[in-house]
Amino acid sequence: STWDSRTFLVLFMGCSPSRAPPQSDNRHLAQRQRRDKWQAQQRPRNPAQQQALISNFEACLARWPVFRPWSVAGRHTQGVIFRIIEPKAMRDQSFTLVVRNAPQYTIRVGFSDTTCFDPTRNMMTFNVPHISSKHARIHFRRMTDRSSIFIEDEGSLNGTFVLSRAFAGGAMMEREITDLFSLSEVEFVRFGQSLVVALESTSIYWDTEAEERPIVTDRGQTPPQEIIDSMLNDGWYFPKDPQS
């Protein structure tokens, strides 16, 4: 059946009182225009320019810790681990986002004085600049023995972004999201300008799932450059180091 976020009734409360300022439509529009301009610059069609951007970001990835990605076995486990990658001062702090044995639920992400996951209110908050008090929502759903996770931006000032490889071993690509977007092949999520979290698989298996089952995505025999070109046409672009 079609995923419909309107079926969720969510209580939105933070781990502690939020101090994020109100944001006007004009600020949102100006920020979005700046991002659109920058993202367009990150979509060169020249292969040499593309390779330069790919190499620069691979150097960034080499500095980030190795983790067990949700995309490997997450569809057979409950919840997801948010492992902070950036900012560096918070690196490797991790939070397990899960409502055990619930077939569907929503967790909100936003700004607060405290970085924590509040399981009583289904709220993940970060004390990080550029995060909106109502930044994004993460939707969890269990159906036909598969777990799925979707993300959507809640009209945040500085945007929500997903990072995924174009193909196994290929270039890491980034895309800004607004509507519901599946995290099935996403390795990292960036909230605002500088908060990056890795999506790590939990070890909380469903009662009927006792062992890890790797997920393999078959993109057929499409040439790598055609895959990249298709993603660029679909709103993806080459990312840069969020701390640069």
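This briefing walks through the main features of the structure shown above.

It is a predicted model, in which local features need pLDDT of at least 70 and side-chain atom pairs count only at pLDDT 80 or more, while totals for chains, interfaces and linings use all residues. Residues are numbered from 1 along each chain as its sequence is written, and side-chain values use heavy atoms, with hydrogens and water left out. The protein has four helices and 12 strands; both are DSSP runs numbered from the N terminus (helices are H or I with at least four residues, strands are E with at least two). Of its 244 residues, 50% are buried, where buried means under 20% relative accessible area, exposed means over 50%, and partly exposed lies in between (1.4 Å probe, protein chains only). Among contacts between residues at least 6 apart in sequence, 68% join residues at least 24 apart; a contact means heavy atoms within 4.5 Å.

**The open sheet**

- Six strands make up an open sheet with mixed pairing, in the order β4-β5-β3-β6-β7-β10; two strands count as paired if DSSP finds at least two bridges between them.
- The edges belong to β4 (116-118) and β10 (181-182), each of which has a single partner strand, so one side of each is left without a neighbour in the sheet.
- As background, strands of a sheet pair through backbone hydrogen bonds, either parallel or antiparallel.

- Strand β8 (residues 160-165) pairs with β9 in the antiparallel sense over six bridges, and V162 has R175 as its bridge partner in β9.
- These two strands form a hairpin with six residues between them, and G169 in the turn has a positive phi of about 80 degrees.
- Five of the six residues of β9 (residues 172-177) are buried, so this strand is largely enclosed by the rest of the structure.
- β8 also pairs with β11 in the antiparallel sense, over four bridges, with F161 opposite R190 in β11.
- In β11 (residues 188-191), F188 and R190 point one way, V189 and F191 point the other way, and all are buried.
- β11 and β12 (residues 195-200) run antiparallel and are joined by four bridges; the partner of F191 in β12 is L195.
- The hairpin of β11 and β12 has three residues between the strands, and G192 there takes a positive phi near 70 degrees.

**The nonpolar cores**

- The largest nonpolar core has 45 residues, and F82 and F191 have the most contacts inside it; such a core is a set of buried Ala, Val, Leu, Ile, Met, Phe, Trp, Tyr and Cys residues joined through side-chain atoms within 4.5 Å.
- Leaving aside neighbours within four places in sequence, F82 is in contact with residues including F95, L97, V109, F126, I138 and F191.
- Another core, of 11 residues, lies apart from the largest one, and L163, M172, V196 and A198 are among its members.

**Cavities**

- The structure holds three cavities of 30 Å³ or more. On a 1 Å grid over the protein atoms alone, a cavity is a set of points where a 1.4 Å probe fits but cannot get out, and lining residues have an atom within 4 Å of a point.
- The largest cavity has a volume of about 80 Å³; a volume is the space filled by probe spheres set on the points, which are joined across faces, edges and corners.
- Of the 14 residues lining the largest cavity, G79, Y105, F140, S147 and W206 are the closest to its centre.
- β6 (136-143) and β7 (146-153) each supply at least two residues of this lining.

**Loops worth a look**

- D92 is in the loop between β1 (80-86) and β2 (94-97) and, at 40% relative accessibility, counts as partly exposed.
- The C-alpha atoms of D92 and A198 are separated by 9.5 Å, although the two are 106 residues apart along the chain.
- The loop between β1 and β2 also holds P87, and a cis peptide bond with omega of about 5 degrees joins E86 and P87.
- N122, in the loop between β4 and β5 (123-126), has a positive phi near 50 degrees and is buried, with a relative accessible area of 18%.
- D145, in the loop between β6 and β7, has a positive phi near 65 degrees and is partly exposed at 48% relative accessibility.

Note on methods:
1 Å grid on protein atoms, 1.4 Å probe; cavity = no way out; pocket = protein on both sides within 12 Å on 5 of 7 lines; lining within 4 Å.
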